[in-house]
Amino acid sequence: PVPMSVKAGGEPVALSSSFQVHSTSKSALLQRGIERYSKFILPNADVNKEEHWEDADTLTGLTVMVTSDSEVLDASTSYSYNISVQKNTAVIGADSPFGALYGLETFSQLVSDGHLNYSTLAVSDEPQYRHRGFMIDTGRRFFPKEHVMQLLDAMSYLKMNVLHFHLSDLCRFSVESKLYPTLATASNGFYTQQDIVDLVAYAKDRGIRVMPEFDVPGHSHGFRALAASGDLVYCSNSDIQLYMDPKNKTLTTLKHLFVEMAQLFDEELFHLGCDETGTPGDCSLASTKQLEVELIKHISSIGKTPVGWEEVLYSTAAASKSTVIDAWNHHNSGQSTGLGYHSIESAGHLFYLNHASLSYENQWADIAAGMDDKQRALLLGGEISMWTDNYCYITQCTRPGSPVAHWMFNRTQDATFLQSIGGMVWPRGIAAAGSFWNYDASLSATSAEFLSRYYAQNDRLAARNIAVCPNGCKCDEVSRCGKPYPQLHDSHDHQQHSPRLVV
């Protein structure tokens, strides 16, 4: 994203063939980050080895300095950084190792063809919002662990810092439970608890928090194994919405399960979903509200902050004052912050990237438009979302119908699914990342400057082995640049048993 302040001048300066990135910080996390970014930066020094540049004419190294070596990552973590280049000396300064990582990202974008693009440079940068998120829906189509890691890499290159991990929905419950072992193993694809530990650690190494979502009481078809064992109860005539039964089976099971799940995640925010509920059978608005109220109390009691989609406030009115409202459909974060709630802006008409027809211009948006200072203080930030409804083997994994990319539900199509998701998300998500970092109303999304940055960053993602839709192409779920994605022969088996610019 565009930094808050950049002052740059002079001719490009060559990187010495002995150029190194170094730091006196004792943060192992930062040292790992330096190793990663050296792979992007040092090849530019290697090209000068045969040029015999004199050290006096070159940039000999980059020093990274942090005020604190603390590796605590939470909503209060500082990501601010500055870069100074003068007299052939380059320095990154930051409050935290995580801010230093962002400084390394910006520096890496300013290096090309063996040179730093400017001989004098002063960058001062920090995000407008503390929550710059990306929601992936693995409660429908499963995202293999390696795919999630690639998406985390892409997020880090764009200075996004929250993976909203939608882990249960109509197709599956995606995390191994040792308390209820049939819950995930009944699905075609799930993460072991060690997988989750690994992903949380991988994300943290890149300055990314992982917010889990287990969507209840609606969207709960993925819990059906526990109904079969008598551990919870659905509304009568429904296998989608959970019921606050008189014996409290559902509530008791969910409390135990959510304690187990919460222990896998360092993140304070715990998303309960609470969207798109109804009144099927013996479920009433009052009983659904009661279930949500009790779960919100429970999540708060175990030291987490509950999050819910906007319906938790506007449909059931179950939200406590500590509940974070995730606005997505009929309401926006301006309304929920106006009522005094911390909020996340996930507006579907702006940020739902599962809509292939949605232009990148939609993602370049002021998510705090019309808010006063009090509301802005309550706005945590925004999220892009990649729902996988169109990859279900049948409609929503529950009823007849063939979504456009239904054949990719099969795990034999994992590699194609990665390319499809990458083509849907990038480069459009690049614009949203800029909105969540440092929105600038004076920069038009159709301007030459914006497009230069946008296309350059997409090329950069592709060069770093991120699956993207190439510049100048159109991509959707089933095609890339006008060519359909290939299908493997057994894909019918869908059984559900189980440049000089910084961006």
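## Cysteines and backbone

C274 counts as buried, with 2% relative accessibility; buried means under 20% relative accessible area, exposed over 50%, and partly exposed in between, using a 1.4 Å probe and protein chains only. The sulfur of C274 lies 14 Å from the closest cysteine sulfur, in C235, which is too far for a bond. Another cysteine, C392, is in no disulfide either, and the nearest cysteine sulfur, that of C171, is 3.7 Å away. C392 is buried, with a relative accessible area of 0%.

A word on the model itself: it is predicted, so local features need pLDDT of at least 70 and side-chain atom pairs count only at pLDDT 80 or more, while totals for chains, interfaces and linings use all residues. Residues are numbered from 1 along each chain as its sequence is written, and side-chain values use heavy atoms, with hydrogens and water left out.

Now to the cysteines that are bonded. A disulfide is a covalent bond between the sulfur atoms of two cysteines; here the term is given to a pair of cysteine sulfur atoms within 2.5 Å. The structure holds four disulfides. With the bonded cysteines numbered in sequence order, the pairing reads 1-4, 2-3, 5-7, 6-8.

| Pair | S to S distance | Torsion about the S-S bond |
|---|---|---|
| C171 and C397 | 1.9 Å | 85 degrees, right-handed |
| C235 and C283 | 1.8 Å | about -85 degrees, left-handed |
| C469 and C475 | 2.1 Å | about 90 degrees, right-handed |

Next come some backbone details. Most residues other than glycine have a negative phi, and most peptide bonds are trans. Against that background, the peptide bond from V216 to P217 is cis, with omega near -5 degrees. P217 belongs to the loop between β11 (209–216) and α7 (224–228). H219 is found in the loop between β11 and α7, and its phi is a positive value near 55 degrees. At 9% relative accessibility, H219 is buried.

The bond from W426 to P427 is cis too, with omega near 15 degrees, and P427 is placed in the loop between α15 (414–425) and α16 (428–438). K159 has a positive phi near 60 degrees. The loop between α4 (145–157) and β10 (162–168) holds K159, which is buried with a relative accessible area of 1%.

Finally, consider helix α3 (residues 97–109). Its expected span is 1.5 Å times one less than its number of residues, so its 13 residues should span 18 Å, and the end C-alpha atoms, 19 Å apart, agree with this. Of the 13 residues of α3, 13 are buried, so the helix is largely enclosed by the rest of the structure.

Terms used:
Helix = DSSP H or I, 4+ residues; strand = E, 2+ residues; numbered from the N terminus.
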